[in-house]
Amino acid sequence: MKRKIFILHEIYGVNDFIKKQAATYSNASTTVECISLYSENTVFTYEQEQEAYEYFINEVGFDAPLKKLTQKILDAKTHFDEVLLIGFSVGATLAWRLSTLPLQGIVCVYGSRIRQYLEVIPSCPTLVILPSHEKSFNVLELKKTLNTLLAVHTKQYNGQHGFMDYYNPNYCHESFLQAQGDILQFLQTKRDQGEQNNGSK
């Protein structure tokens with residue numbers, strides 16, 4: 001079975017962390033593509049957090065990329081048996097908004113703005129990874145709401161927004177290992193189910 005995974009980056013762009021995540025999920029039967037939401041593949045440093053955030057909100061936003069991303073996903077569906085999305089932060093919120101497409105699975109890693117799009121009901125298995133706390137909202141309330149959705153499975157780990165990123169000041173090694181393990185297990189489960197479905201056809 002041929003599988004395609006698209007990775008949607010944080011406000012910083014396709015940086016070293018995102019590239020290393022891509023390498024983690026790539027194997028003989030899995031092609032991983034990091035999609036840059038920025039023109040000229042712009043990358044910001046962690047010290048430029050505010051500048052990066054403003055650039056994303058003003059130049060990209062949560063609406064404009066959807067058409068292009070939808071087309072990319074639908075094109076991939078014609079070449080691969082499985083297509084999955086993994087998004088981090090703002091990329092996770094975009095992935096959430098694409099979860100009604102015919103995908104095999106979605107992973108949303110600390111997509112804090114998901115709380116603004118709770119009218120979206122994912123139609124594919126969706127793993128939402130949450131930190132123990134966020135500055136701007138109550139994580140437990142969001143978790144409670146997401147847990148009522150049939151296709152959604154939430155996991156919460158100790159740490160703040162950015163805890164999976166080993167270059168980020170909020171990095172938490174123990175939580176990173178747990179979350180990384182859960183993402184890999186989620187992807188493996190989707191693969192096993194896909195192979196079973198193919199075998200029964």
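Is Asn41 buried or exposed? At 55% relative accessibility, Asn41 counts as exposed. Buried means under 20% relative accessible area, exposed over 50%, and partly exposed in between, with a 1.4 Å probe and protein chains only.

This is a predicted model, in which local features need pLDDT of at least 70, side-chain atom pairs count only at pLDDT 80 or more, and totals for chains, interfaces and linings use all residues. Residues are numbered from 1 along each chain as its sequence is written, and side-chain values use heavy atoms, with hydrogens and water left out.

View 1. Asn41 is not a glycine, yet has a positive phi of about 50°. Asn41 sits in the loop between β2 and α2. Helices (H or I, at least four residues) and strands (E, at least two) are DSSP runs, numbered from the N terminus. Ser89, also not a glycine, has a positive phi of about 55°. Its loop runs between β3 (82-88) and α4. Ser89 is buried, with a relative accessible area of 9%.

**View 2. The ring pair Phe17 and Tyr166.** A search of the whole structure finds 14 aromatic pairs. Here the ring centres of Phe17 and Tyr166 are 5.5 Å apart and the planes are at 80°, so the pair is edge-to-face. Rings of Phe, Tyr and Trp (its six-membered ring) pair if their centres lie within 6.5 Å; planes under 30 degrees apart count as stacked, over 60 as edge-to-face and the rest as tilted. The pair links distant parts of the chain, 149 residues apart: Phe17 is in helix α1 (residues 16-25), and Tyr166 is in the loop between β6 (152-157) and α6 (173-199). Phe17 is buried at 0% relative accessibility. Tyr166 is partly exposed at 27%. Ring pairs link Phe17, Phe88, Tyr166, Tyr167, Tyr171 and Phe176 into a cluster.

**View 3. The largest pocket.** The volume of the largest pocket is about 640 Å³. Of its 24 lining residues, the closest to the centre are Glu49, Ser89, Glu134, Lys135 and His161. The elements that give two or more residues to this lining are α2 and α4 (90-97). α2 gives the most, with three residues. A pocket is an open set of points on a 1 Å grid over the protein atoms alone, where a 1.4 Å probe fits, with protein on both sides within 12 Å along at least five of seven lines; lining residues have an atom within 4 Å of a point. Grid points are joined across faces, edges and corners, and a volume is the space filled by probe spheres set on the points.

**View 4. Lys2 over Phe80.** Lys2 lies over the face of Phe80, 5.4 Å from the ring centre. A charge sits over a ring if NZ of Lys or CZ of Arg is within 6 Å of the ring centre and within 35 degrees of the ring normal.

**View 5. Cys124 and Cys108.** The search of the whole structure finds zero disulfides (cysteine sulfur pairs within 2.5 Å). The closest cysteine sulfur to that of Cys124 is in Cys108, 8.7 Å away, too far for a bond. Cys124 is buried at 1% relative accessibility.
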